[in-house]
Amino acid sequence: MEKRTVPLYGTKTSPLLRGTGSLPLTSSLRRLPCDPNLGPIVLNYDQCTSLNITNNGHSVVVEFDDTDDRSVIQGGPLGNPYRLKQFHFHWGGKGCHGSEHTVEGMSYASELHLVHWNAVKYKSFGQAAEAPDGLAVLGIFLDTGDDHRWLHMITDALYMVKFKASVTDFKGFNPKCLLPSSLHYWTYLGSLTTPPLHESVIWIVLKEPIIVSEKQLGKFRTLLFSGEEEDQRMRMENNFRPPQPLKGREVRSSN
Ligand SMILES: NS(=O)(=O)c1ccc2c(c1)[C@H]1CCC[C@H]1[C@@H](c1ccccc1Cl)N2
Ligand SMILES: [Zn+2]
């Protein structure tokens with residue numbers, strides 16, 4: 001990890017955003033005392049059903065069947081199990097960094113977000129997305145180094161969703177293969193980092209990054225913000241929102 005120069009966020013299709021959004025896990029977070037009341041997070045993804053992979057004009061998204069509790073996250077700061085709905089990534093331009101959280105001012109090349117919703121308390125994702133305890137987003141940092149042995153399953157499919165609004169089947173993918181070995185985490189109450197910016201997210205950010213290669217990251221940058229029918233082709237990069245002030249929010253640390 002090197003010091004990141006904060007790239008300009010936003011392009012014609014994703015203007016600079018307001019609101020609290022994601023927060024910097026800054027200051028001496030690494031030395032935060034562990035909160036003994038924070039138990040381990042538990043991921044039950046073994047029965048997960050991935051459906052498709054799509055380019056939504058902001059990121060690449062893998063969506064899951066969330067009609068029952070077949071894949072959930074629970075434990076840690078969560079009072080209920082939360083259903084896995086989708087995951088997506090944020091990344092920078094060549095050589096610059098693209099994570100939406102920083103740790104002691106340092107950022108990573110990319111950040112993976114696994115988005116879950118509280119189906120115990122809310123009838124739909126949309127309703128949960130507007131409630132303070134509606135969503136739980138698991139954030140995983142991507143640092144650069146060797147090839148990630150399973151990420152190719154995503155990057156090999158990216159040519160199929162090059163353009164905005166393109167989608168293709170993507171069955172049988174279990175995101176457990178994208179987890180680091182440790183599930184130690186920081187957690188705080190924040191918001192979605194892109195519109196509609198609802199203050200509805202229990203953020204759970206893993207301390208240990210996964211390692212992916214620059215070559216693999218480069219394949220994300222072959223995606224386009226623009227649709228197939230648009231004349232100007234805008235490469236999809238820097239689709240991350242720089243961290244926002246903590247504003248006195250409490251960040252807690254698992255062991
Ligand atoms: N970077 S992030 O994880 O904080 C993030 C930020 C914004 C949004 C999402 C994820 C995703 C989560 C699923 C739906 C989608 C989205 C949305 C779109 C239409 C209607 C509602 C919603 Cl929530 N907006
Ligand atoms: Zn995100």
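Trainee: Which of the 15 residues around ligand 1 come nearest?

Mentor: His88, His90, Leu192, Thr193 and Thr194 do; a residue is near a molecule if one of its heavy atoms lies within 4 Å of it. Please note that this is a predicted model, in which local features need pLDDT of at least 70, side-chain atom pairs count only at pLDDT 80 or more, and totals for chains, interfaces and linings use all residues. Residues are numbered from 1 along each chain as its sequence is written, chains are lettered from A and ligands numbered from 1 in the order in which they are written, and side-chain values use heavy atoms, with hydrogens and water left out.

Trainee: Which strand gives the most to the shell around ligand 1?

Mentor: Strand 5 does, with three residues. Strands (E, at least two residues) are DSSP runs, numbered from the N terminus.

Trainee: How far is a nitrogen atom of ligand 1 from the side chain of His113?

Mentor: An N or O atom in the His113 side chain is 3.3 Å from a nitrogen atom of ligand 1. The protein covers 74% of the 510 Å² of accessible area that ligand 1 has on its own, by the Shrake-Rupley method with a 1.4 Å probe. For His88, a polar side-chain atom lies 3.2 Å from a nitrogen atom of the ligand.

Trainee: Changing topic, what coordinates the zinc ion (ligand 2)?

Mentor: His88 (NE2), His90 (NE2) and His113 (ND1) coordinate the zinc ion, at 2.0 to 2.1 Å. Donors are N, O and S atoms within 2.8 Å of the metal (3.2 Å for Na, K and Ca), and sites may look incomplete because water is not among the atoms. His90 lies in strand 5 (residues 82-91) and His113 in strand 6, so the pair ties together parts that are 23 residues apart in sequence.

Trainee: And what is the geometry of that zinc site?

Mentor: The site is tetrahedral, with angles of 100 to 116° among its four donor atoms; four donors count as tetrahedral if all angles lie between 85 and 135 degrees.

Trainee: Is His113 buried or exposed?

Mentor: His113 counts as buried, at 1% relative accessibility. Buried means under 20% relative accessible area, exposed over 50% and partly exposed in between (1.4 Å probe, protein chains only). His90 is buried too, with a relative accessible area of 3%.

Trainee: Which side chains have polar contacts with His113?

Mentor: The side chain of His90 makes one of 3.1 Å, and that of Glu111 makes one of 2.7 Å. A polar contact is a pair of N or O atoms within 3.5 Å; within protein, one must be able to donate a hydrogen and the other to accept it, and residues adjacent in sequence count only if both atoms are side-chain atoms.

Definitions and conventions: Tetrahedral: all angles 85-135°; square planar, octahedral: opposite > 155°, others 65-115°. Helix = DSSP H or I, 4+ residues; strand = E, 2+ residues; numbered from the N terminus.
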